[in-house]
Amino acid sequence: MKIALDYDETYTRDPEFWDQFIDLASDFGHDVTCVTMRRPQNKIEGLQIDVIYTSFKGKILYTQSLGIQFDIWIDDNPIWLLNDVPTRDNSRPTRNRENDFPVKYRRARIK
Ligand SMILES: [Mg+2]
């Protein structure tokens with residue numbers, strides 16, 4: 001299986017758990033890739049797996065545009081699998097300094 005793992009608020013919630021998950025998946029012949037909506041300039045350090053930066057594009061369409069097809073998606077906020085992060089008219093979104101994610105949408109969740 002090709003598994004896509006979100007970073008912010010997914011991997012970051014329990015890095016030790018996810019590191020073991022990644023090792024276990026590898027032992028079983030599965031491939032885990034980190035897919036984040038961050039921009040490449042806001043680089044994620046210290047991960048043992050490849051990272052794809054979608055730069056606020058919806059994750060599924062973006063990775064498909066790269067010719068990559070994931071079987072499983074693990075994400076705290078799956079709305080971003082199919083949707084780009086909206087931008088405000090005539091202004092840049094306010095971004096979280098820690099992860100460069102638009103603050104306005106950071107906590108948005110499907111209820
Ligand atoms: Mg997340």
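## A tour of the predicted model

Of the 111 residues of the protein, 20% count as buried; a residue is buried if 20 or more other C-beta atoms lie within 10 Å of its own, exposed if 12 or fewer, and partly exposed in between, with C-beta atoms placed from the backbone. The model is predicted, so local features need pLDDT of at least 70 and side-chain atom pairs count only at pLDDT 80 or more, while totals for chains, interfaces and linings use all residues. Residues are numbered from 1 along each chain as its sequence is written.

**The whole chain.** Start with a cartoon view. It shows four helices and four strands, and from the N terminus the order of elements is β-α-β-β-α-β-α-α. Helices (H or I, at least four residues) and strands (E, at least two) are DSSP runs, numbered from the N terminus. Among contacts between residues at least 6 apart in sequence, 53% join residues at least 24 apart; two residues are in contact if their C-beta atoms, placed from the backbone, lie within 7 Å.

**The sheet.** Select the four strands next. They form an open sheet in the order β3-β2-β1-β4, with parallel pairing; two strands pair if DSSP finds at least two bridges between them. At the edges are β3 (51–53) and β4 (72–74), each of which pairs on one side only. From one strand to the next the twist averages 25 degrees, with axes as lines fitted to C-alpha atoms (for helices over the stretch in contact) and angles running from 0 to 180 degrees between N-to-C directions.

**Strand by strand.** Select β1 (residues 2–5) together with β4: the two pair in the parallel sense over three bridges. Here Ala-4 stands opposite Trp-73 of β4, and Leu-5 stands opposite Ile-74 of β4. β1 and β2 run parallel and are joined by four bridges, and the bridge partner of Ile-3 in β2 is Val-32. Between these two strands the chain passes through α1, and this β-α-β crossover is right-handed: with the strands pointing away from the viewer, the path from the first strand over the helix to the second runs clockwise. Cys-34 has Val-51 as its bridge partner in β3.

**Helix α1.** Select α1 and draw a distance between its end C-alpha atoms. They are 18 Å apart, which agrees with the 18 Å that its 13 residues should span at 1.5 Å a residue; the expected span is 1.5 Å times one less than the number of residues. Just after α1 is Gly-29, with a positive phi of about 85 degrees.

**The core.** Show side chains for Ala-4, Leu-5, Tyr-7, Tyr-11, Trp-18, Ile-22, Val-32, Cys-34, Val-35 and Phe-70, the ten residues of the largest nonpolar core. Such a core is a set of buried Ala, Val, Leu, Ile, Met, Phe, Trp, Tyr and Cys residues joined through C-beta atoms within 7 Å. The elements giving two or more residues to this core are β1, α1 (15–27) and β2 (31–36). Of the elements, β2 gives the most, with three residues. Stay on Cys-34 and list its contacts, leaving out residues up to four places away in sequence: it touches Leu-5, Tyr-7, Tyr-11, Ile-44, Leu-47, Ile-49, Asp-50, Val-51 and Ile-52.

**The loop between β2 and β3.** Select Gln-48, which lies in this loop. Gln-48 counts as exposed because it has 11 C-beta neighbours inside 10 Å. Apart from neighbours within four places in sequence, Gln-48 is in contact with Asp-19 and Ile-22.

**The loop between β3 and α2.** Finish with two residues whose backbone angles deserve a look. Most residues other than glycine have a negative phi. Ser-55, in the loop between β3 and α2 (59–65), has a positive phi near 55 degrees. Phe-56 lies in the loop between β3 and α2 as well, and its phi is positive at about 75 degrees although Phe-56 is not a glycine. Which of the classes buried, partly exposed or exposed does each belong to? Ser-55 counts as partly exposed because it has 14 C-beta neighbours inside 10 Å, whereas Phe-56 is buried, with 20 other C-beta atoms within 10 Å.
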